[in-house]
Amino acid sequence: NSSAEGFFELTDLLTSRTTVGGSFQRDLYRTVFAEGAGIVEGTEDVGAATGQFFMDEEFEEIRTIGAYIEQQFAYDDRLFVTLGIRGDDNSAFGADFGIEKYPNANISWVVNEESWFPESRAVSSLRLRAGIGTSGLRPEFRDAVTLYEPAAVQVNAEDVPGVILDVTGNTALEPERTTEWEFGADAGFFDNRVAANVTYYNRKSDDALIDIPLEPSFGLTAN
């Protein structure tokens, strides 16, 4: 992850803060598995198995590259407006799907900084806030890829190498996208010795990533 930030005083009351950044993440999983029966007594080496020897290997790798920009304006240290957007590209997306964009916006108002706000020990501070933003859940490794597995096929009464369909992919596979908006308030009482935070939010997800059973008539895999 890396980022850079710039701060500017546009006027005596208005300031600007710009943040840009990027990230790269690599998730790598690799394992080798072996088993066997009849291991010679006195050794724990699976290579000493005398029967039922089996070995397998698994490999998973997912890469994510992203960049973002966020712009905040502050008026007299009491009203804050923030706009931002992030773009991600992931190796688990379908080949026909490009960069996913996640915008967000927030506003915050420090009400107790206003001149008309009554001075009181009972209510020391009050901030109102609202925001909306999006995020995404990436597919799993090779969910978008159509895969085949080796199989023996009989041709002219002889076994020859062949392949059969193992995984049905989706070249247009995209991330599960969640949009959330919220309203809230933060208050301090009795010289901020007591604090209260209240938030109401609504969250909705689209394009959910679900393992779907397929009809046998499709001639594909079961899911």
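## The largest pocket

The largest pocket is lined by 18 residues, and those nearest its centre are Asp143, Thr168, Ile210, Asp211 and Ile212. Its volume is about 560 Å³. Of the lining residues, nine are nonpolar, five polar and four charged. In this classification Ala, Val, Leu, Ile, Met, Phe, Trp, Tyr, Cys and Pro are nonpolar, Asp, Glu, Lys and Arg are charged, and the others, Gly among them, are polar.

A pocket is an open set of points on a 1 Å grid over the protein atoms alone, with protein on both sides within 12 Å along at least five of seven lines; lining residues have an atom within 4 Å of a point. The volume is the space filled by probe spheres set on the points, which are joined across faces, edges and corners.

## Basis of the model

This is a predicted model, in which local features need pLDDT of at least 70 and side-chain atom pairs count only at pLDDT 80 or more, whereas totals for chains, interfaces and linings use all residues. Residues are numbered from 1 along each chain as its sequence is written, and side-chain values use heavy atoms, with hydrogens and water left out.

## The nonpolar surface patch

Phe8, Leu10, Leu13, Phe73, Tyr75, Leu79, Val81, Leu83, Ile107, Trp109, Trp116 and Leu128 form a nonpolar surface patch of about 1100 Å². Two or more of these residues come from each of strand 3 (51–75), strand 4 (79–90) and strand 5 (100–110). Strand 4 contributes the most, with three residues. Another member, Leu128, lies in strand 6 (residues 123–137); Leu128 is partly exposed because its relative accessibility is 36%.

Patch residues have over 30% relative accessible area and no salt bridge, and nonpolar side chains (Val, Leu, Ile, Met, Phe, Trp, Tyr) are joined within 5 Å, like charges within 9 Å. Accessible areas come from the Shrake-Rupley method with a 1.4 Å probe, and for residues only the protein chains shown count as cover. Buried means under 20% relative accessible area, exposed over 50%, and partly exposed in between. Strands (E, at least two residues) are DSSP runs numbered from the N terminus.

## Salt bridges

Side chains of opposite charge can pair when their charged atoms come close. The structure holds 13 salt bridges, each defined by a side-chain nitrogen of Lys or Arg within 4 Å of a carboxyl oxygen of Asp or Glu. One of them joins Glu61 and Arg63 at 2.9 Å, N to O. Glu61 is buried, as its relative accessibility is 18%, whereas Arg63 is partly exposed at 39%. Arg26 joins Glu61 and Arg63 in a network of salt bridges.

A further salt bridge, also listed at 2.9 Å from N to O, connects the side chains of Asp186 and Arg129. Asp186 lies in strand 9 (residues 176–189) and Arg129 in strand 6, so this pair ties together parts that are 57 residues apart in sequence. Asp186 is partly exposed, with 21% relative accessibility. The side chains of Arg138 and Glu140 meet in a salt bridge of 3.9 Å, N to O; Arg138 is partly exposed at 27%.

## Loop residues and positive phi values

Asp77 is placed in the loop between strand 3 and strand 4. Its relative accessible area is 58%, and therefore Asp77 counts as exposed. The phi angle of Asp77 is near 55 degrees, a positive value in a residue other than glycine. The C-alpha atom of Asp77 is separated by 8.0 Å from that of Val110, and the two residues are 33 residues apart along the chain.

Asp207, in the segment after strand 10 (194–206), has a positive phi of about 55 degrees although it is not a glycine. Asp207 is partly exposed, with a relative accessibility of 44%.

## Pairs separated in sequence

Glu114 occupies the loop between strand 5 and strand 6. At 17% relative accessibility, Glu114 is buried. Between Glu114 and Asp76 the C-alpha to C-alpha distance is 9.9 Å, while the two are 38 residues apart in sequence.

Asn104 belongs to strand 5 and is partly exposed, its relative accessible area being 26%. Asn104 and Glu70 are 34 residues apart along the chain, and their C-alpha atoms are separated by 8.9 Å.

Methods
Helix = DSSP H or I, 4+ residues; strand = E, 2+ residues; numbered from the N terminus. Buried < 20%, exposed > 50% of the residue type's maximum accessible area, 1.4 Å probe, protein only. 1 Å grid on protein atoms, 1.4 Å probe; cavity = no way out; pocket = protein on both sides within 12 Å on 5 of 7 lines; lining within 4 Å.
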